[in-house]
Amino acid sequence: MAEVLVLVDHVDGEVKKVTYELLTAARAIGEPSAVVVGAPGTAAKVNQALAGYGAAKVYVAESENAANQLVTPEVDVLAALVGQASPAAVLVAATPKGKEVAGRLAIRTGSGLLVDAVDVAADASVTQSIFGGAFTVKAKAGTGVPVISVRPGGVEAVAAEGAATEQALEVPATDAAKVVTITSREPLKGGDRPELTEASIVVSGGRGVGSAESFEVVEKLADTLGAAVGASRAAVDSGYYPHQFQVGQTGKTVSPQLYIALGISGAIQHRAGMQTSKTIIAVNKDTEAPIFEIADFGVVGDLFKVAPQLTDEVAKRKG
Amino acid sequence: MNIVVLVKQVPDTYSERKLADADHTLDRDSADAVLDEINERAVEEALQLQATHGGEVTVVCVGPDRATDAIRKALSMGADKAVHVSDAALHGSDAIATAKVLAKAVGTVEGVDLVLAGNEATDGRVGALPAMVAELLGLPALTHARKVEVDGSTVKVERETDEGVFFLEASLPAVISVNEKINEPRYPSFKGIMAAKKKPVSTLAIGDLGVDAGEVGLGGSWTQVTEAAPKPPRAAGQRVEDEGDGGVKVAEYLVGQKLI
Ligand SMILES: Cc1cc2nc3c(=O)[nH]c(=O)nc-3n(C[C@H](O)[C@H](O)[C@H](O)COP(=O)(O)OP(=O)(O)OC[C@H]3O[C@@H](n4cnc5c(N)ncnc54)[C@H](O)[C@@H]3O)c2cc1C
Ligand SMILES: Nc1ncnc2c1ncn2[C@@H]1O[C@H](COP(=O)(O)O)[C@@H](O)[C@H]1O
């Protein structure tokens, strides 16, 4: 069976959920080979997790540079492997970094680039959901080895056993004029909540929440439900909530089982990031708010009354 | 310091966006076309850097004839000149084909120190054009910048993504893409709008760039769209007025749906 390269998405050796989704998607095409690029010692931390999702091989490319340079180490390693292993496809996560790795790799290897897939078929053709879910598109690569970025949460991860046999690789040196050095990093304060794109429930607040302090109402409901917290752009621009939590056209695209919008009008750009959610609940004091046009259940009312009551009700039912 | 800004005309996100039935390409007539908001921020950043470091700001755009509106907007904000690549052969080009043309178009501008772009366009959301142009030009790519600083021949960027804030450094020339947090773009002044009408725009066909028609367009692209279908819009569900029991009602609904 042909190899399918999967770039492992990890933070300092902690595997991101999307990696399991990629390994699952890869099994539809062929035999997944995980590719670990990172600081020395990374593969040892991730091997078992990769074996649990069917990685037959694990290519290990470790060096200090791999951790301290932006994007090019991943591209260099994958490009070398494409030449060596003649894979049927290369899968990476459609994250900001993954999208760049994929784009550069496709150019480097003369291959078709398929962006932000929500499903991958056995022939390495893909399904995409564009314009905020308004259109579903199928596409394929006609040239080279298809390089596919897969949207986090697009494919459901299914466990499978793999041998995860390690094979070491060199991290090629990048030409100094092309290198971007990461001189330092600061983690974003995400807290203990699930990640927006991974969560099965998202509770979002908009301008109606009124202040950074009052976002506590949104957070309390989210925590009782085990949900991630999101925000509209107006809430982010007003400084109520950090940028990384923005949902919408220019923020995150989420597709959870349940999306609860509190004090969000439902502008087309916000809807573009959440309208493919399975169930949508909206609380807004304006009967005319467009969010009600797409809500499965809407409450016309004050979020400061409805949300805390809902929080209590959920807590009660959990016992 | 000479700066190129890559700008794209996109369908206005406020209007309904469609694909053409015949070949699944963007139906450009169905929606109003605007300069993508993120590109206004890229132009703003270029103008701010120019104010400190001098040099010229050139706008580069690949798009149909009507994209001149987007180019004029960038010029009326204060950019000095523009390169517009417009060619019927480009219709249906995918991201890689577009990146190749953009890289060639940047190559027509002399002495470029910095290429600025948006991090992600609101139509295709490819989010990789700047990195791909850097790959083709052999330049470093500092992407998703929320802050840019140039010091001699070094550029420093604060990159913000889910991975955190990364402090990046590279040597010039370089490609930078900016995020929504970088600045608030200026409004063109009346004077700016008038001045923009006289600023030089060089309109090029792909032949002028040495790009072969076989490398671009629907036929030359390395990927093909095989099917496209609109998703039926969501229908509105139940709506209730809060009479002091709104939270309870939501909870009951969620229980009914087996969501809690
Ligand atoms: C290019 C572009 C990209 C964009 N990208 C995004 C994006 O990614 N994400 C995004 O969200 N937006 C985006 N926008 C902005 C979008 O157009 C809207 O401005 C934004 O979504 C509005 O946010 P909001 O609903 O929180 O605020 P508003 O539209 O101001 O709505 C606030 C709502 O809260 C309600 N309210 C007030 N008080 C209460 C209360 N006590 N109880 C209940 N309800 C209350 C009001 O009735 C109102 O409906 C983008 C715009 C552009 C042009
Ligand atoms: N056709 C184009 N002409 C000029 N610039 C473009 C074009 N396409 C993309 N870009 C630039 O690349 C950025 C990211 O776009 P994308 O990778 O398509 O999401 C945009 O914000 C622009 O700065």
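At 44% relative accessibility, B:Gly124 is classed as partly exposed; the classes are buried for under 20% relative accessible area, exposed for over 50% and partly exposed in between, with a 1.4 Å probe and protein chains only. B:Gly124 is located in the loop between β6 (114-118) and α4 of chain B, where helices (H or I, at least four residues) and strands (E, at least two) are DSSP runs numbered from the N terminus. The C-alpha atoms of B:Gly124 and B:Leu102 are 16 Å apart in space, with a separation of 22 residues in sequence.

The structure is a predicted model, in which local features need pLDDT of at least 70 and side-chain atom pairs count only at pLDDT 80 or more, whereas totals for chains, interfaces and linings use all residues. Residues are numbered from 1 along each chain as its sequence is written, chains are lettered from A and ligands numbered from 1 in the order in which they are written, and side-chain values use heavy atoms, with hydrogens and water left out.

Chain B contains seven helices and 13 strands. Its C-alpha atoms fill a box of roughly 65 × 45 × 40 Å along the principal axes. Of the 260 residues in chain B, 53% are buried. Contacts (heavy atoms within 4.5 Å) in chain B between residues at least 6 apart in sequence include 72% that join residues at least 24 apart. A cis peptide bond, with omega about -5 degrees, joins B:Leu172 and B:Pro173. B:Pro173 belongs to the loop between β9 (164-171) and β10 (174-178) of chain B.

Two packed helices are described by the angle between their axes and the distance between the axes. Axes are lines fitted to C-alpha atoms, for helices over the stretch in contact, and angles run from 0 to 180 degrees between N-to-C directions. Within chain B, helix α3 (residues 95-107) and helix α4 (residues 129-137) pack at about 55 degrees, with their axes 9 Å apart. The two helices α3(B) and α4(B) are therefore oblique to each other; angles under 35 degrees count as roughly parallel, over 145 as roughly antiparallel, 65 to 115 as roughly perpendicular and the rest as oblique. Helix α3(B) contributes B:Ala95, B:Ile96, B:Thr98, B:Ala99, B:Lys100, B:Leu102, B:Ala103 and B:Val106 to the contact, and α4(B) contributes B:Leu129, B:Met132, B:Val133, B:Leu136 and B:Leu137. By class, the contact of α3(B) with α4(B) has eleven nonpolar residues, one polar and one charged; Ala, Val, Leu, Ile, Met, Phe, Trp, Tyr, Cys and Pro count as nonpolar, Asp, Glu, Lys and Arg as charged, and the others, Gly among them, as polar.

The crossing of α9(A) past α7(B) is right-handed. Residues of α9(A), including A:Val306, A:Leu310 and A:Arg317, meet residues of α7(B), including B:Val248, B:Ala251 and B:Leu254. Seven nonpolar, three polar and three charged residues make up the contact of α9(A) with α7(B).

Five aromatic pairs are found over all chains; rings of Phe, Tyr and Trp (its six-membered ring) pair if their centres lie within 6.5 Å, and planes under 30 degrees apart count as stacked, over 60 as edge-to-face and the rest as tilted. The rings of A:Phe131 and A:Phe135 have centres 6.3 Å apart and planes at 90 degrees, so this pair is edge-to-face. Both A:Phe131 and A:Phe135 are buried. The rings of A:Phe297 and B:Tyr253 have centres 4.8 Å apart and planes at 25 degrees, so this pair is stacked. Because A:Phe297 lies in strand β17 (residues 297-300) of chain A and B:Tyr253 in helix α7 of chain B, the pair joins two chains. A:Phe297 is buried at 4% relative accessible area, and B:Tyr253 is buried at 13%. One aromatic cluster is formed by A:Phe215, A:Tyr241 and A:Phe245.

In chain A, nine of the eleven residues of helix α1 (residues 17-27) are buried, so the helix is largely enclosed by the rest of the structure.

Note on methods:
Left-handed = near helix turned anticlockwise from the far one by under 90°.
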